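I opened the notebook on a single chain today.

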Amino acid sequence: MSLRRESCPQMNANERKSTQGYFWGRPLRPRLLPVLAALLLAGCGAEAPQLVNGSPAPSFELERLDGGRTRFPEDYRGQLVAIRFWADWCPFCKDEMTALEPVYQRLQGQGFHILAVNVRQDAATATAFVQRLGISYETLLDTSGVVARSYGVQGLPTTFFVDSDGILRTRILGESTPEATERMVAELLGAAP
């Protein structure tokens, strides 16, 4: 059996116009954005690592928005850290980042830190977004996306909770609430020796 070129006819101009704004014959919806973002983050043909709770969190060194550098986990030994991956185009990141600021303010004195890792954007873009939101927790730049890939991030936002020994304890895929974050922090700080 042979396939002939004519079995796949070309669309005329009117047919092409009528399919714009559609994906697989269905209207594009705002919820499609995270799916497309996941495809961009995953890369072509690269299999994302699968981190397992109880395993050491991947180490990294990234530039901070303030110009310094952060080394993880070395700079945070003995601390509970939430590593949040985000970008300014992420429809859920803005609200979540704003909602986490008061949680961070309340709990930072107990040894809780948030590292907000911007994925594949430049410093000017990340700075403008963070300043607009009034975020005080540390913001890092993963301009190449290598750290996000090492954590197996496939969509934004994604948050990893790493205990005081640098061990991955849990993750939150997608948007989280301040209440869920506070519960997680209380549980992990209470479990710490």
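I took contact to mean heavy atoms within 4.5 Å. The model is predicted, and I kept local features at pLDDT of at least 70, side-chain atom pairs at pLDDT 80 or more, and all residues for totals of chains, interfaces and linings. I numbered residues from 1 along the chain as its sequence is written, and side-chain values use heavy atoms, without hydrogens and water.

**Overview.** I counted six helices and nine strands. Both are DSSP runs numbered from the N terminus: helices are H or I with at least four residues, strands E with at least two. Of the 193 residues, 40% are buried. I used under 20% relative accessible area for buried, over 50% for exposed and partly exposed in between, with a 1.4 Å probe and protein chains only. Among contacts with a separation of 6 or more, 71% join residues 24 or more positions apart.

**Helix α4.** I looked up which residues of α4 (123-133) are buried. They are Ala126, Phe129, Val130 and Leu133. These four lie on the same side of α4 because they cover an arc of only 95° around the axis. The arc is taken from the directions from the helix axis to the C-beta atoms. An α-helix has 3.6 residues a turn, so residues three or four places apart point the same way. On the other side of α4, I found Ala124, Gln131 and Arg132 exposed. The cover over the buried residues of α4 includes β5 (80-86), α3 (93-107), β6 (112-119) and β7 (138-142).

**Backbone.** Most residues other than glycine have a negative phi, and most peptide bonds are trans. I noted a cis bond between Phe72 and Pro73, omega about 10°. Pro73 sits in the loop between β4 (69-72) and β5. I noted another cis bond between Leu156 and Pro157, omega about -5°. Pro157 is in the loop between α5 (146-150) and β8. Arg120, not a glycine, has a positive phi of about 60°. Arg120 lies in the loop between β6 and α4.

**Pocket.** On a 1 Å grid over the protein atoms alone, a pocket is an open set of points where a 1.4 Å probe fits, with protein on both sides within 12 Å along at least five of seven lines; lining residues have an atom within 4 Å of a point. I asked which residues lie nearest the centre of the largest pocket. Of its 15 lining residues, they are Gly152, Val153, Gln154, Arg171 and Leu173. β8 (158-162) and β9 (168-173) each supply at least two lining residues.
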